[in-house]
Amino acid sequence: APTPTPTPEPATWEKYSYTLLPDGSACVVDCTSIDIILYPPTEMDGHPVTAIGDWAFRSSDLQQITIPEGVTSIGEAAFADDYGLTTLRLPATLRTVGRKAFMSCQILRELQLPEGLTAMGAGAFFGCSSLKSITVPAGITAIEEESFSFCYRLQTVSLPQGLVSIGEEAFSTCTALKTLTIPEGVTSIGDRAFARCRSLGSIEL
């Protein structure tokens, strides 16, 4: 799901750059000085922060981040290639996670997706090779292509009853995954969705 389109002219608030969305809320688009531990603000210049923009924190030295309550969307590749990221706290208000948002966060070990999440873009957690378990929230109806590909240490996955489709290579090369229960409502499973899952002994339909 795309991040809402912000206005083109960025403004500056402390070390952050942001743009205004049509509803007057702020979308964080950059940070001039990223500490290893980051607590983005809930508002900037009186504008509530509701979005993290595309590529906002990509390839940073970030190790821990708490995304504030009020944020509803995280943009494409917003935290991709943050190789040192170990701790990620997502707000209950989050509804959409963009394509490749957390791609290759290789030492992120734990992930709790908020219950209100309704959409995750393709490759959202591609290459998060230290994740061991994931519970996909009830509001997710589609797991897009390559969402969890190359999550080598992923052992347990819980899928919601409302799930309808699993995309191409969604769980490919999850070599530690042993069992999986696919909900009854799933009507479409893409090519190679479980390719190279060499430990997968059973799939329950």
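This is a working chat about the predicted model shown above.

User: Quick start. How many helices and strands does the protein chain have?

Analyst: Zero helices and 18 strands. Keep in mind that this is a predicted model.

User: How compact is the chain for its length?

Analyst: The radius of gyration is 17 Å. The globule rule gives 17 Å for 205 residues, so the chain is as compact as a globular protein of that length.

User: And what does the C-alpha trace span along its principal axes?

Analyst: About 55 × 30 × 25 Å.

User: What share of the residues counts as buried?

Analyst: Of the 205 residues, 50% count as buried. The accessible surface comes to about 9500 Å². Carbon and sulfur atoms hold 48% of that surface.

User: Charges next. How many positive and negative ones, and how far apart are their mean positions?

Analyst: There are 13 positive and 23 negative charges. Their mean positions lie 11 Å apart.

User: Now the inside. Which residues touch the most other members of the largest nonpolar core?

Analyst: Ile74, Phe79, Phe102 and Phe171. That core has 57 residues.

User: Which elements give two or more residues to this core?

Analyst: Strand 2 (16-20), strand 3 (26-31) and strand 6 (47-52). Strand 3 gives the most, with three residues.

User: Switching to loops. Where does Ser59 lie, and what is Ser59 in contact with?

Analyst: Ser59 lies in the loop between strand 6 and strand 7 (64-66). Leaving aside neighbours within four places in sequence, Ser59 contacts Ala80, Asp81 and Asp82.

User: What about Asp81: where is its place, and what is its phi?

Analyst: Asp81 is in the loop between strand 8 (73-74) and strand 9 (87-89). Phi of Asp81 is near 60°, a positive value in a residue other than glycine. Most residues other than glycine have a negative phi.

User: Why does Asp81 count as buried?

Analyst: Because its relative accessibility is 12%, and buried means under 20%.

User: Which loop holds Arg196, and what is the phi of Arg196?

Analyst: Arg196 is in the loop between strand 17 (188-189) and strand 18 (202-204). Phi of Arg196 is near 60°, again a positive value in a residue other than glycine. At 46% relative accessibility, Arg196 counts as partly exposed.

User: Last one, Thr96. Where is Thr96 found, and is Thr96 buried or exposed?

Analyst: Thr96 is found in strand 10 (residues 96-97). Its relative accessibility is 14%, so Thr96 counts as buried.

User: What C-alpha distances separate Thr96 from Ser59 and from Ile140?

Analyst: Ser59 and Thr96 are separated by 21 Å, at 37 residues apart along the chain. Thr96 and Ile140 are separated by 9.8 Å, at 44 residues apart along the chain.

Note on methods: Residues numbered from 1 in each chain as written. Predicted model: local features only at pLDDT ≥ 70, side-chain atom pairs only at ≥ 80, totals over all residues. Heavy atoms only, no water. Helix = DSSP H or I, 4+ residues; strand = E, 2+ residues; numbered from the N terminus. Rg over C-alpha atoms; globule rule 2.2 N^0.38 Å. Buried < 20%, exposed > 50% of the residue type's maximum accessible area, 1.4 Å probe, protein only. Areas by Shrake-Rupley, 256 points an atom, 1.4 Å probe, with all protein chains shown as cover. Lys, Arg positive; Asp, Glu negative; His and termini not counted. Charge placed at Lys NZ, Arg CZ, Asp CG, Glu CD. Core = buried A, V, L, I, M, F, W, Y, C linked by side-chain atoms within 4.5 Å. Contact = heavy atoms within 4.5 Å.
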